[in-house]
Amino acid sequence: MYYFDHSATTPLLPEVRKLMDHINKNVYGNPSSIYSIGRKSRSIIENARKQIARSISARPDQIIFTSGGTEANNHVFWSLMGNSQNHIISNVIEHPAVTKVLQFLDQFGLEHELVGVNKNGVVSIDDINEAIIPETSLISLMLANNEIGTLQPVQEIVELAKERGILVHTDAVQCLGKIKLDVSTLRVDFLSLSAHKFYGPKGVGILYVRKPEKLSPLIIGGGQERNLRAGTENISSIAGMGLAAETAENSLDKKAELLIELEEQFKSGLNRFFKNAIYNGNQSKKLPGLLNVSFPKNRSDIIMTKLDRANIAVSNGSACGSGDIKPSPILSAIGLDDSINLSTIRFSFGSSNTPQQIDYLLNELESILIKK
Ligand code: PLP
């Protein structure tokens, strides 16, 4: 498989798989039990908490284990229920794990406003400023968009929010291992991560919380995670995520360099036979390795099907149900008309990709787009 869809998910690192296999075979004590095999499980979990905290410059007690990015985002919003300050600001190109939750919570009196973005997918600080009302308690702004890779001005928004006593959440699910994540400089109050986006296992993630003592629980039961997220911990997945986070942080510069090289190779190769490609999103401030490309006068579903026959995995943001292909809402939000929208493919490169694989991808694209 020629896999260029690392924004959807990433394969497990071999050393992460090895660690998880070892734990699944040998470690079964309940981490809440006080006898030795329980303590062994507990120490594995606390070690992973430290690894993750280090990878984003947080304190271990600020890390809550979750089932992934979706739960981490949900936790932040649900915990605001019942506040007298009941207004949240976010934006139109967030992941559904933000926008759909906010829409759902409307019925319980939690109000929200989604601000728009410019043609590069960037939120304007003035628009956020204008959306603030006395009841605003939280601004939720993703650090990087999953479809176009655009980075948002989260740090600037934090400055603005702090002056008004408003909390800030960032969905950073796409970021670990691609850009530096440091909560001490970012100064957000909440940050969501998901392990399967950084070569860790699926179904596990974290919520970073600057002041955990002020957070309410989302899942209530046996008191795990200091009463903030009940349920017996998934020891091997948490350990795998810890190792994956540590590896992502340690190899950040090398990996970002490789991703940029692959991108450059792809762009110059494509330019040789297809001059009309449109690169969507903010090209000067985006995630390395993610290219969102429109191929005018071509249909992305047809390109994708042909690439699939050549064993190449890429994606588009279009929803496909009962044969009807709907344009991607993210690309519509940045102003692409439906025909360009439906000609768009997301290529997201990863650390297992090689220059030879990019050549293969380019060859196949040339056959599909030019030789037809
Ligand atoms: N947020 C963003 C930006 C994402 O890209 C994703 C997954 O694609 C999620 C949240 C949800 O993460 P998970 O599926 O791990 O819960």
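1. In this predicted model, a nitrogen atom of the ligand is placed 2.6 Å from an N or O atom in the side chain of D171. An oxygen atom of the ligand lies 2.5 Å from an N or O atom in the side chain of S194, and a polar side-chain atom of K197 is 2.6 Å from an oxygen atom of the ligand. The protein covers 84% of the 390 Å² of accessible area that the ligand has on its own (Shrake-Rupley method, 1.4 Å probe).

2. The residues around the ligand (a heavy atom within 4 Å of it) include G68, G69, T70, H95, M142 and N146.

3. Local features require pLDDT of at least 70, and side-chain atom pairs count only at pLDDT 80 or more, whereas totals for chains, interfaces and linings use all residues. Residues are numbered from 1 along each chain as its sequence is written, and side-chain values use heavy atoms, with hydrogens and water left out.

4. S348 belongs to strand β14 (residues 344-348); strands are DSSP runs of E with at least two residues. S348 counts as buried because its relative accessibility is 2% (buried means under 20%, with a 1.4 Å probe and protein chains only). A polar atom of the S348 side chain lies 2.9 Å from the backbone nitrogen of S7.

5. Helix α8 (residues 235-250) has end C-alpha atoms 23 Å apart, which agrees with the 22 Å that its 16 residues should span at 1.5 Å a residue. Of these 16 residues, 12 are buried. Among the elements covering the buried residues of α8 are α1 (14-26), β8 (205-209) and α9 (252-273).

Technical notes: Helices (H or I, at least four residues) and strands (E, at least two) are DSSP runs, numbered from the N terminus. Buried means under 20% relative accessible area, exposed over 50%, partly exposed in between (1.4 Å probe, protein chains only). A polar contact is a pair of N or O atoms within 3.5 Å; within protein, one must be able to donate a hydrogen and the other to accept it, and residues adjacent in sequence count only if both atoms are side-chain atoms. The expected span of a helix is 1.5 Å times one less than its number of residues. Contact means heavy atoms within 4.5 Å.
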